[in-house]
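Subject: Structure handover

Dear colleague,

Please find the structure below, followed by notes on what was found in it.

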Amino acid sequence: MFDLIVRNAKLLDCEDLKDIGVANGVIQEIGKISSIGKEEIDCKGGMVLPPFVESHIHLDTVLTAGNPRWNQSGTLIEGINIWSERKSSITVEDVRTRALSVIHKQLAYGCLYIRSHVDISDPKLTALKALLELKEQLAPFINIQIVAFPQDGIISCPDNQQRLEEALRMGADAIGAIPHNEYTREDGVESLKLCFRLAEKYNRMINVFCDETDDEHSRYLEVVASLAIKTGLARKVSASHANAMALYPAPYVNRLINILKDSEINIITCPLVSSVMQSRYEEWPKGRGITLIKKLWKGGVNVSIGHDDILTPFYPLGTGNMLQAAHMAVHLAQMTGLEEMNETINMITIRGAKALQIEAEYGLEIGKPASFILLSEKTIVDAIRYQSKCRYVISRGKILCESVPSHSNILLKKISK
Ligand SMILES: [Zn+2]
């Protein structure tokens, strides 16, 4: 007896519609199911996908745009300065309320796996405490990973070394670094070595903010890849942003992509935020602000898409909808081919899962946890176009969210008869 049967679902790579049978929170059957379930949902040909994966967000900074003041220049540096002011007044309750509000939005948009960076430059580690509590509270249904992120650097801000260790002891899943923001090139390299040493000591993943700058001389991606090879940490390592790569000359890019592929590290791109934050210096010609998504993908590198900030001093918009981030990637990376658009969906699902190292529990397969999302749309193209909320979001067999599709009654048809 199935607890839940989802009928007439359009699965990727399947022509026929399928039924999915769920019992005890696990996918038991995929095919044509003749028995009756305790609960049934008819997808009517709508797509069923594994849950969306948000591989890069900052839940500690969300919903703070305009407080204490608006980022009028829109630049990264003004954003960092405003956040420095705002973070001096944060409390556990403040972070918790804002983060939970955003997680509920993400849930409605089908996101059940979230990797959040948390700034650990605060001596009291207030935001970290708040998010670790939320992580534990929501763990039965939503998987939150926490990256200890030293916003002010590790070598430039030596106090952050102890705070990083404390954050790892408290339970952060991954450790970060921001080499391009250290005082010198050498300091940047040293900060990465320290980051890798701590990851090895505490057996954690790594997620570096890497080359998030319009300076083509910022070349830390090769250092991250090289350390990932030497330490054997390989696919446990991710590099976010990598914007400077778009400005590197072709011979170097080709060499770099080979190193990245060999290292097996993940690249996480954030097209919404980067499109407005980067390329602020030049009047003309103006870059697109993002890393070379298509070239990396074609070169065999695992690329995932993050939504990143939501209403913060760094980005004054955002909804938590991963399809919105994919939509922006389609535009900026010029990925409008059918295979290319399918790939952008991979970048917010299976490729994100690979970056988060959750593949063992992730995916629409018999024997895996029954966590998946039902969309009204029947094709990838429509999903990217409409960016609708999910009809249903199901985690381990439990329906966590149901949304009613919006409908417009076109009265013009009657009037113009
Ligand atoms: Zn970010």
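There are zero disulfides in the structure, a disulfide being a pair of cysteine sulfur atoms within 2.5 Å. Cys111 is in no disulfide, and the nearest cysteine sulfur, in Cys390, is 9.5 Å away. Cys111 is buried at a relative accessible area of 1%; buried means under 20% relative accessible area, exposed over 50%, and partly exposed in between, with a 1.4 Å probe and protein chains only. For Cys210, the closest cysteine sulfur is that of Cys195, and at 10 Å this is too far for a bond. Cys210 is also buried, with a relative accessible area of 0%.

This is a predicted model: local features need pLDDT of at least 70, side-chain atom pairs count only at pLDDT 80 or more, and totals for chains, interfaces and linings use all residues. Residues are numbered from 1 along each chain as its sequence is written, and side-chain values use heavy atoms, with hydrogens and water left out.

Zinc site

The zinc ion is coordinated by His56 (NE2), His58 (NE2), Asp308 (OD) and Asp308 (OD), at 2.1 to 2.8 Å. Donors are N, O and S atoms within 2.8 Å of the metal (3.2 Å for Na, K and Ca); water is not among the atoms, so the site may look incomplete. The angles subtended by the four donor atoms run from 47 to 136°, so the arrangement is irregular. Four donors count as tetrahedral if all angles lie between 85 and 135 degrees; four count as square planar and six as octahedral if opposite donors are over 155 degrees apart and all others between 65 and 115; anything else is irregular.

The sequence spacing of the donor residues is H-x1-H-x249-D. His58 lies in the loop between strand 6 (52-57) and helix 1 (76-87), and Asp308 in the loop between strand 13 (302-305) and helix 10 (322-332), so the pair ties together parts that are 250 residues apart in sequence. Helices (H or I, at least four residues) and strands (E, at least two) are DSSP runs, numbered from the N terminus.

Four strands form an open sheet in the order 3-2-1-4, with mixed pairing. Strand 3 and strand 4 (39-42) are at the edges with a single partner strand each, so one side of each has no neighbour in the sheet. Two strands pair if DSSP finds at least two bridges between them. Strand 1 (residues 4-9) is antiparallel to strand 2, over four bridges, and Ala9 stands opposite Lys18 in strand 2. Strand 2 (residues 18-23) and strand 3 (residues 26-31) are antiparallel over five bridges, with Ile20 partnered by Ile30 in strand 3. Two residues separate the strands of this hairpin, and Asn24 takes a positive phi near 55° there.

Helix 6

In helix 6 (residues 221-231) the buried residues are Leu221, Val223, Val224, Ala225, Leu227 and Ala228. These buried residues pack against helix 5 (185-202), strand 10 (205-210), strand 11 (237-241), helix 7 (250-263) and strand 12 (266-269), where contact means heavy atoms within 4.5 Å. Gly232 follows helix 6 and has a positive phi, near 80°.

Regards
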